[in-house]
Amino acid sequence: MLSEFEKRVVREIQGDLPLESRPFAAMARRLGVTEGQLLDTVENFLERGLLRRFGAALRHQRVGYGGNALVAWVVPPDEIEPVGNAIAAYPDVTHCYQRATVPGWPYNLYSMVHRHSEAECRELVRRIGEALGIEQYILLFSTAELKRSSMQYFRD
Amino acid sequence: MQLDNTDRRLLEIIQRQIPLSSRPFADIGVELGIGEGEVLERLRRLQEAKIIRRIGGFFDSRKLGYTGTLCALQVPRDRIEEVAAVINAYSEVSHNYLRTHEYNMWFTILAPSQSEVERVMEEIKARTGIDSVLSLPAERLFKIRVKFNVSEVPDAE
């Protein structure tokens, strides 16, 4: 589990990095530690896999990705591992998860596909399905972003 | 906004990893052959143009002890705004999208325990009166890589 100090570091770095010459020094001051201590902690989070990365997230709609689909696939349970890995290997697939099924909802593998248009999404998904022999799938295009915020961990 | 070649290379670098150093923007400048001031100026521009969503830490929620689920709700067209307001008010919900399906509202719930995830789910059902709900917790992660290739795009919109 995380120490109280580590939780404070999580709270600090889950926000925006200030755009100034020494941004980590500014964060460290708020935490009451040195810049070096903060940087060591962030390195340590990366090594432990707590942090996936420390970097930028873009609004994909604004860099030309106008086609964004959640694809739900029905994959035979004993093929889920090779199929999941094969779908994950496509560069335009950003997320790929196996998820629980519920009665009346047979889809067990989910991927996010981002292309420049919906037509390109459809074409890519058709090719993936053909290549992997998966015939049952649906594309759910996003038509509106109702909420998109960065998760605030350890709020209290 | 027009993106020049330096903007594109800058976006590639910062999507990967910000240098964990005392002056990260000066280090990025060295890689790009520009000064620290120009890096900061370009980043401010890209942030104002809403191309950059956030620069900071992106965590593996499970490794922080959090658990979650992907939910889908069947919302009648004339209730979308009202139902979205109920759902979006929860800090445990970070993503909510309208999608082209009978199950048209898709959102995530993330919380420190399974019981809290279920409480949010139950409250949303009770407050909206909608019980056509799917809850699809992840059983296995094959990929998460939220990095976009900006080099092949002529202009940002």
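**Figure 1. Helices H1 and H2 of chain A in the predicted model.** The axes of helix H1 (residues 4-13) of chain A and helix H2 (residues 23-31) of chain A come within 11 Å, and they cross at roughly 135 degrees. The crossing in which H1(A) passes H2(A) is right-handed.

**Figure 2. Residues in the contact of H1(A) with H2(A).** On the H1(A) side, the contact is made by Arg8(A), Val9(A), Glu12(A) and Ile13(A). H2(A) contributes Met27(A), Arg30(A) and Leu31(A). Sorted by class, the contact of H1(A) with H2(A) has 4 nonpolar and 3 charged residues, and no polar ones.

**Figure 3. Domains of chain A.** The domain assignment divides chain A into domain 1 (4-48) and domain 2 (60-141). Taken over C-alpha atoms, the centres of domain 1 of chain A and domain 2 of chain A are separated by 36 Å.

**Figure 4. Elements and dimensions of chain B.** Chain B contains 5 helices and 6 strands. Read from the N terminus, the order of elements in chain B is α-α-α-β-β-α-β-β-α-β-β. For the 157 residues of chain B the globule rule gives 15 Å, and the radius of gyration is 20 Å, well over that value, so chain B is more spread out than a compact globule. The C-alpha trace of chain B spans about 55 × 35 × 25 Å along its principal axes.

**Figure 5. Helices H1 and H2 of chain B.** Helix H1 (residues 5-16) of chain B packs with helix H2 (residues 24-32) of chain B at an angle of about 130 degrees. Their axes are 11 Å apart. That angle makes H1(B) oblique to H2(B). H1(B) and H2(B) form a right-handed crossing.

**Figure 6. Residues in the contact of H1(B) with H2(B).** H1(B) takes part through Thr6(B), Arg9(B), Leu10(B), Ile13(B), Ile14(B) and Arg16(B). From H2(B), the residues in the contact are Ile28(B), Glu31(B) and Leu32(B). By class, the contact of H1(B) with H2(B) has 5 nonpolar, 1 polar and 3 charged residues.

Definitions and conventions:
Residues are numbered from 1 along each chain as its sequence is written. Chains are lettered from A and ligands numbered from 1 in the order in which they are written. This is a predicted model: local features need pLDDT of at least 70, side-chain atom pairs count only at pLDDT 80 or more; totals for chains, interfaces and linings use all residues. Side-chain values use heavy atoms; hydrogens and water are left out. Axes are lines fitted to C-alpha atoms, for helices over the stretch in contact, and angles run from 0 to 180 degrees between N-to-C directions. Helices (H or I, at least four residues) and strands (E, at least two) are DSSP runs, numbered from the N terminus. A crossing is left-handed if the near helix is turned anticlockwise from the far one by less than a right angle, and right-handed if clockwise. Contact means heavy atoms within 4.5 Å. Ala, Val, Leu, Ile, Met, Phe, Trp, Tyr, Cys and Pro count as nonpolar, Asp, Glu, Lys and Arg as charged, and the others, Gly among them, as polar. Domain bounds come from an automatic or database domain assignment. The radius of gyration is taken over C-alpha atoms; the globule rule is 2.2 Å times the number of residues to the power 0.38. Angles under 35 degrees count as roughly parallel, over 145 as roughly antiparallel, 65 to 115 as roughly perpendicular and the rest as oblique.
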